Amino acid sequence: MAAAYVERRWKSPDGLDLFARDYAPGPGPARPPVIAIHGLTRNSADFEAIAPLLAQSGRRVLAVDVRGRGLSDRAPDPMTYRPDVYAADVLALMDQAAVGRAVFMGTSMGGLITMALTALRPKAVVAAILNDIGPEVAPEGLARIAAYSGQPVEIDSWADAAAYAKRINAVAFPHYSDADWDAFARRIFRQGPDGEIGLDYDPDISVPIRAAGAKALVPNLWPMFRRLARNRPTLLVRGGASDLLSADIAARMRKAAPAMAYVEVPGIGHAPMLDEPEAKAAIFEFLAELN
């Protein structure tokens, strides 16, 4: 069966060759597309369940591989692995794909990039879906992610890869079966021409985090969040067991932006895959109101 997407390439402002999955919209009136942006160590494959459904509903979907991940080039300068640079890369995609305005769906780091986009080019952001991320994050969740990001791992088989995926992410998906972990592993690892299986990101993505030190682990992005959520439709998706977006932070976000839509996915940690029934229902209800 043919893939549900075509491969799109574009150039970053500093010359990197970047990749996105481009899902064509189903029939119906033209509506702003969705640009889906993944988390720190992930790639566009994270949206392989939700993206085709959104496309079938009539919206084009561009699911990106942020620089240093998946099929996008790795950056010669690891200090360019920063949300503002990522945001500029996404704006270059919009320019080269002739997309003037879009709905942004950002998981974790992807939500931070969405906030940065709002600051760089406000008119480009029609609406935002923030998946388990806010203007402040719980330090325990960040510490957990920082502990494995960029660390070497020896993988000799897909069974090893699935075991690693489970070890790192079982806290978020306690209900997953062995088949689920195998599928998860095939999203976050890539097998090279030599048969070697490795994590599908540049380990140097962690360099700016380490260079910035502990204070950078909890940045104050409240002004950027308010600019986003008070001025355009926003949906916050929270994993009910998330250790990154605490219930307290989510409550303060809702107080700061009373019109923001909200859904909590029970029993899921950081971050929902957005194919959960609660997440899907909230996303489609949210998008139905946008033209």
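**Exercise 1. Determine where A183 lies and whether A183 counts as buried, exposed or partly exposed.**

Solution. A183 has a relative accessibility of 34% and therefore counts as partly exposed; buried means under 20% relative accessible area, exposed over 50%, and partly exposed in between, with a 1.4 Å probe and protein chains only. The residue A183 belongs to helix α6. Helices (H or I, at least four residues) and strands (E, at least two) are DSSP runs, numbered from the N terminus. The C-alpha atoms of A183 and A165 are separated by 9.6 Å, and these residues are 18 apart along the chain.

The model is predicted: local features need pLDDT of at least 70, side-chain atom pairs count only at pLDDT 80 or more, and totals for chains, interfaces and linings use all residues. Residues are numbered from 1 along each chain as its sequence is written, and side-chain values use heavy atoms, with hydrogens and water left out.

**Exercise 2. Describe how helix α5 and helix α6 pack, and state which residues make the contact.**

Solution. Begin with the geometry: helix α5 (residues 158–169) and helix α6 (residues 178–188) have axes 8 Å apart and pack at an angle of about 95°. Axes are lines fitted to C-alpha atoms, for helices over the stretch in contact, and angles run from 0 to 180 degrees between N-to-C directions. The angle makes α5 roughly perpendicular to α6; under 35 degrees counts as roughly parallel, over 145 as roughly antiparallel, 65 to 115 as roughly perpendicular and the rest as oblique.

Next come the residues. From α5, W158, A161, A162, Y164, A165, K166 and N169 take part, and from α6, W181, D182, F184, A185, R186 and I188; contact means heavy atoms within 4.5 Å. By class, this contact of α5 with α6 has 9 nonpolar, 1 polar and 3 charged residues. Ala, Val, Leu, Ile, Met, Phe, Trp, Tyr, Cys and Pro count as nonpolar, Asp, Glu, Lys and Arg as charged, and the others, Gly among them, as polar.

**Exercise 3. Describe the two contacts of α3, with α2 and with α8.**

Solution. Take α2 to start. The axes of helix α2 (residues 83–96) and helix α3 (residues 109–120) cross at roughly 70° and come within 8 Å, so α2 and α3 are roughly perpendicular to each other. The α2 residues P83, D84, Y86, A87, A88, V90 and L91 meet M109, I113, A116, L117 and L120 of α3. Sorted by class, the contact of α2 with α3 has 11 nonpolar, no polar and 1 charged residues.

Now turn to α8. Helix α8 (residues 222–229) packs with α3 at an angle of about 75°, the axes being 9 Å apart, which makes α3 roughly perpendicular to α8. M115, A116, T118 and A119 of α3 meet M224, F225, R227 and L228 of α8.

**Exercise 4. Identify where A98 and S108 lie, and state whether each is buried or exposed.**

Solution. A98, in the loop between α2 and β5, has a positive phi of about 55° although it is not a glycine. At 71% relative accessibility, A98 counts as exposed. S108, in the loop between β5 and α3, also has a positive phi, near 50°. With a relative accessible area of 11%, S108 is buried.
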